[in-house]
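Please keep the sequence and the model in view while reading.

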There are 4 protein chains.
Amino acid sequence: MPRPEQWQRDPTCYPFSTVTETRFQDLDPLGHINNVAMAALFENGRVRFNRNLGLERRQPGERWLIAAVAIDYVAEAHFPDPVEVMSGIGRIGRSSWDICSAAFQNGVCVATSITTIVVTDKAGPRPIADSLRASFAELMVRRPVRADA
Amino acid sequence: MPRPEQWQRDPTCYPFSTVTETRFQDLDPLGHINNVAMAALFENGRVRFNRNLGLERRQPGERWLIAAVAIDYVAEAHFPDPVEVMSGIGRIGRSSWDICSAAFQNGVCVATSITTIVVTDKAGPRPIADSLRASFAELMVRRPVRADA
Amino acid sequence: MPRPEQWQRDPTCYPFSTVTETRFQDLDPLGHINNVAMAALFENGRVRFNRNLGLERRQPGERWLIAAVAIDYVAEAHFPDPVEVMSGIGRIGRSSWDICSAAFQNGVCVATSITTIVVTDKAGPRPIADSLRASFAELMVRRPVRADA
Amino acid sequence: MPRPEQWQRDPTCYPFSTVTETRFQDLDPLGHINNVAMAALFENGRVRFNRNLGLERRQPGERWLIAAVAIDYVAEAHFPDPVEVMSGIGRIGRSSWDICSAAFQNGVCVATSITTIVVTDKAGPRPIADSLRASFAELMVRRPVRADA
């Protein structure tokens with residue numbers, strides 16, 4: 001069974017934070033925050049990460065598409081306490097990048113997420129612009145250096 | 001960038017199908033089916049997979065928890081055409097299993113998904129009951145045999 | 001306590017129908033279809049009413065805005081059976097009109113709704129175009145004639 | 001076309017307030033907060049009104065059901081600014097009551113709402129308990145006295 005790595009659950013590894021109120025709509029028949037509702041909370045954290053840090057300056061004709069989202073559910077989350085979503089850049093490729101995020105409630109990590117975004121135009125994937133690449137570099141998650149590296 | 005394997009996009013690999021109408025609520029400002037809305041469509045297909053095939057017969061005190069959901073977005077999906085979600089069992093472990101799913105719109109695969117479910121009681125993860133394990137075995141996805149296997 | 005009128009719960013009064021699958025996401029902690037989820041089902045029926053009957057031909061610069069939505073919840077609705085939403089025009093004003101709808105599950109009316117839409121441009125509300133007004137007239141709900149009218 | 005009364009748009013008329021972050025999920029293809037998303041914000045304000053003021057102490061076997069929700073959309077609401085939902089009791093009947101609410105964004109009223117709740121048991125509607133009735137009386141909206149009353 002896949003498990004998030006230890007650093008993914010560590011709030012000190014992420015450069016950006018946003019806090020969102022949970023809503024009654026987030027609950028499912030089990031009485032806890034539904035797993036799809038958690039995906040919406042991660043999306044909201046991701047959009048605010050992009051907006052607040054100025055990463056939305058797309059080139060003309062450019063589209064940013066979600067290529068993949070992977071979420072690990074670590075603990076149950078509940079209503080009505082707020083959820084803090086922390087985010088950072090986890091990988092920068094040629095035309096795609098990963099945003100790593102973690103959700104915390106009352107200081108406890110309840111879920112982690114990795115989202116892959118790809119930049120495209122009509123011709124398909126295109127290289128990440130240099131200025132965007134430079135911004136990403138300043139917003140990397142702070143992964144611990146492995147002893148054996 | 002992660003990509004679903006070829007078989008994951010092949011409708012003949014899945015033993016179960018459910019068709020759901022898309023809704024106006026599924027749309028986001030980009031005018032296509034939002035990635036979180038697709039997660040809700042996969043959840044609905046998964047729940048119906050469990051219900052229709054009798055897999056909901058949980059033992060007393062037993063809970064099935066979503067441990068992880070990974071979705072690959074292959075193509076844009078649109079309103080108002082329906083989405084068909086196909087599902088099957090992809091892995092059977094000691095106390096957890098994977099449900100593999102794919103979503104199709106007008107015959108085109110638009111997304112694939114792998115969900116890991118773990119069965120727990122108050123003491124934590126517990127072994128999958130033998131009768132449930134037998135049902136899972138009949139609902140496996142039909143992965144192609146590799147030439148080099 | 002407000003109650004829908006008898007004719008509002010009568011499927012023969014509505015000229016248009018759309019059937020939508022309920023989803024696991026529609027459920028709330030009480031285990032029935034949540035009242036906001038029912039609002040989304042009504043919205044979907046309304047959008048399909050507009051689309052299928054060609055009522056979306058807006059004039060340039062024209063916007064259709066939702067001015068009001070009133071929903072009466074008549075009976076509990078459940079997952080996984082589908083919900084049929086029936087709709088028709090209930091009122092045609094100078095710059096606004098009402099869409100009356102009712103939701104049925106297994107033949108039972110579970111909720112009714114009246115939505116007021118107003119057509120605007122930059123200067124505010126504007127008169128409904130004659131061609132649109134003519135289309136509306138063909139899609140009126142069939143209200144029973146009152147004996148005392 | 002129905003319009004909320006002037007007092008409904010006045011924040012000083014409501015005894016209770018809750019502030020909720022808007023989310024990217026609240027947006028629809030028109031790029032503003034969707035009308036159903038606004039219904040979910042009102043629901044959240046209503047649930048917190050009930051919870052924070054201790055109104056959830058239901059009698060055994062008692063159920064509180066939403067009988068009706070009416071929302072007037074006064075102005076467009078936008079992402080990402082938060083929405084403040086203010087609430088109070090607008091009417092106390094024998095077995096039902098109204099919660100009046102208004103939503104504000106950046107100090108501007110964007111929508112108002114009246115929700116009718118009915119208390120039931122297996123035999124149908126039942127009288128509101130005296131202690132609950134007393135709590136309601138303390139949480140009434142402050143409607144202006146009409147000069148002609």
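Which residue is the bridge partner of Ala102(C) in β5(C)? The partner is Thr112(C). This is a predicted model, in which local features need pLDDT of at least 70 and side-chain atom pairs count only at pLDDT 80 or more, while totals for chains, interfaces and linings use all residues. Residues are numbered from 1 along each chain as its sequence is written, and chains are lettered from A and ligands numbered from 1 in the order in which they are written.

Strand β5 of chain C covers residues 108–121. Strands (E, at least two residues) and helices (H or I, at least four) are DSSP runs, numbered from the N terminus. Two strands pair if DSSP finds at least two bridges between them. β5(C) runs antiparallel to strand β4 (residues 96–105) of chain C, with ten bridges joining them. Two residues lie between these strands in their hairpin, where Asn106(C) has a positive phi near 55 degrees.

Strand β2 (residues 63–73) of chain C also pairs with β5(C), in the antiparallel sense and over ten bridges. Here Asp72(C) has Thr112(C) as its bridge partner. A further antiparallel pairing, over two bridges, links β5(C) to strand β6 (residues 124–125) of chain C. Thr120(C) is bridged to Pro125(C) in β6(C), and the hairpin between β5(C) and β6(C) passes through two residues.

Ten of the 14 residues of β5(C) are buried, so the strand is largely enclosed by the rest of the structure. A residue is buried if 20 or more other C-beta atoms, placed from the backbone, lie within 10 Å of its own.

Next come the helices. Helix α1 (residues 35–52) of chain C packs against helix α1 (residues 35–52) of chain D at an angle of about 170 degrees, with the axes 9 Å apart. Axes are lines fitted to C-alpha atoms over the stretch in contact, and angles run from 0 to 180 degrees between N-to-C directions. α1(C) and α1(D) are therefore roughly antiparallel (over 145 degrees). Val36(C), Ala39(C), Ala40(C) and Glu43(C) meet Val36(D), Ala39(D), Ala40(D) and Glu43(D); contact requires C-beta atoms, placed from the backbone, within 7 Å.

Key. Angles under 35 degrees count as roughly parallel, over 145 as roughly antiparallel, 65 to 115 as roughly perpendicular and the rest as oblique. Two residues are in contact if their C-beta atoms, placed from the backbone, lie within 7 Å. A residue is buried if 20 or more other C-beta atoms lie within 10 Å of its own, exposed if 12 or fewer, and partly exposed in between; C-beta atoms are placed from the backbone.
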